[in-house]
Amino acid sequence: MSSEPAAPPAHPEEVARLAGEADAEIAAVSDRRGWEAVRIRWIGRREGRVRELLDLIPRVADKRGFGQAVNRLKERVEAALAAADERLAAAERAAQRREAAVDVTLPGRRVPGGAIHPVIQISREIEEIFVRLGYTVAEGPEVESDRYNFELLNFPPDHPARDTQDTFFLEDGRLLRTHTSPVQIRTMLARRPPLRVIIPGRVYRHDNDLRHSPMFHQVEGLAVAEGIRFSDLKGTLEAFLHRLFSPETGVRLRPSFFPFTEPSCEVDITCPFCRGKGCATCSETGWMEILGAGMVDPRVLAGCGVDPDRYTGFAFGLGLDRVAMIRFGIPNIRLLFENDERLLRQAGIR
Ligand code: PHE
């Protein structure tokens, strides 16, 4: 059994009836691809239905009437496709508007505020305390010469602190400064006394454990003038430490040694955690070492062109990271440099 193919239309009325079929297909179009498929099926230049009908003209009886009917069909399909195109475009515009629409009832997004790093907070606090005492803030380079970092600070050539155990040397003979004390030298070479400077900065040493990081921060203080005595150093440090911690903080000076100060001392404060009673943090001693200090050695003054018979001075240096750990209760120095947002937020200025 074979199915007969439908006989091709031969009369204008048959052509006109196809319009209903085209209308239905076009009305069902819902996207661009569907629209294009319908267009090709009906008015495609090579094989569309209109093309097929035009090819029939030589074979039908009423060529003129048939041809006009095909033209009307073509025009009708074109008009319907144009209308469908406009309908799709309108739907696309509406979708775009919906996407771009702003919901004015949504609450605003909160932009998280930045915070000052704990070490920098402490540094600024200390600078402020000393600026109020008449000091000016000075800075120096982190890549330093042996001359400024050691020699002019009266370190003998074979001093163990020059050892590669402690110092990072550069290939050109320079080094990463191991303390902020070279800025004492730079200050005295650049300015005449009387001078009072406070010097914050990064310093570097071969050291890495729970309490030590190869990069850490110090603040250096230097005062040089006529008539400065050890009691000025003691009074200055007490005033400073009472401001930085609390007025009840006990301050104790122990004799010590630094090549660039004579006499030298190390300064302890009563443990801020147990207030001097003794706890694990202060190894049950009740005290914590907080800074090194002393009277500027006359040889250092002379090396910088400052007359040691006329001028005296004191200097001190302290580690900022230590102070930040105490103030913010941070148990491990590495936490300070990992930039964990939780720590920064906890210590952040609100
Ligand atoms: N530069 C010393 C250190 O890094 C600290 C210090 C500074 C001591 C000034 C005395 C005077 O340990």
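**Reading a predicted model**

Tutor: Asn154 sits in the loop between helix H6 (146–149) and strand S3 (175–176). Bear in mind that the model is predicted.

Student: What makes the phi of Asn154 worth a remark?

Tutor: Asn154 has a positive phi, about 75°, although it is not a glycine. Ser283 is another non-glycine residue with a positive phi, about 50°. Ser283 belongs to the loop between S7 and strand S8 (287–296).

Student: Why is Ser283 called exposed?

Tutor: The relative accessible area of Ser283 is 53%. Exposed means over 50%, so Ser283 qualifies as exposed.

Student: And what makes His217 count as buried?

Tutor: Buried means under 20% relative accessible area. His217 has 10%, and therefore counts as buried. His217 lies in strand S5 (residues 215–225). Leaving aside residues up to four places away in sequence, His217 touches several others, among them Val119, Arg202, Asp321 and Phe337.

Student: How do you know that the structure holds zero disulfides?

Tutor: A disulfide needs two cysteine sulfur atoms within 2.5 Å. For Cys271, the closest cysteine sulfur is that of Cys274, at 3.6 Å, which is too far for a bond. Cys282 is in no disulfide either; its nearest cysteine sulfur, also in Cys274, is 3.7 Å away. The count of disulfides in the structure is zero.

Student: Are Cys271 and Cys282 buried or exposed, and how do you know?

Tutor: The cut-off for buried is under 20%. Cys271 has a relative accessible area of 1%, so it is buried. Cys282, at 4%, counts as buried as well.

Student: What makes the peptide bond between Pro193 and Pro194 cis?

Tutor: Its omega is about 5°, and the bond is cis. Pro194 is in the loop between helix H7 (182–190) and strand S4 (195–204). The bond from Glu262 to Pro263 is also cis, with omega near -5°. Pro263, however, is placed in strand S7 (residues 261–270).

Student: How do you know that the buried residues of H3 line one face of the helix?

Tutor: In helix H3 (residues 49–56), the residues Val50, Leu53 and Leu56 are buried. Viewed down the axis of H3, its buried residues fall within an arc of 110°, so they line one face. The buried residues of H3 pack against helix H1 (12–27), helix H2 (32–43) and helix H4 (63–100).

Student: What makes a group of residues a nonpolar core?

Tutor: The members must be buried, of the listed kinds, such as Leu, Ile and Phe, and joined through side-chain atoms within 4.5 Å. The largest such core here has 42 residues, of which Ile126, Phe240, Ile290 and Leu291 touch the most other members. At least two residues of this core come from each of several elements, including helix H5 (118–132), helix H8 (230–244) and strand S9 (312–319). There is also a second, separate core of 23 residues, which includes Ala19, Trp42, Leu56 and Val77.

Student: Which residues does Ile290 touch?

Tutor: Not counting residues up to four places away in sequence, its contacts include Leu241, Phe245, Val267, Leu318 and Ile326. Asp268 and Gly319 are also among them.

Definitions and conventions:
Residues numbered from 1 in each chain as written. Predicted model: local features only at pLDDT ≥ 70, side-chain atom pairs only at ≥ 80, totals over all residues. Heavy atoms only, no water. Helix = DSSP H or I, 4+ residues; strand = E, 2+ residues; numbered from the N terminus. Buried < 20%, exposed > 50% of the residue type's maximum accessible area, 1.4 Å probe, protein only. Contact = heavy atoms within 4.5 Å. Arc of directions from axis to C-beta.
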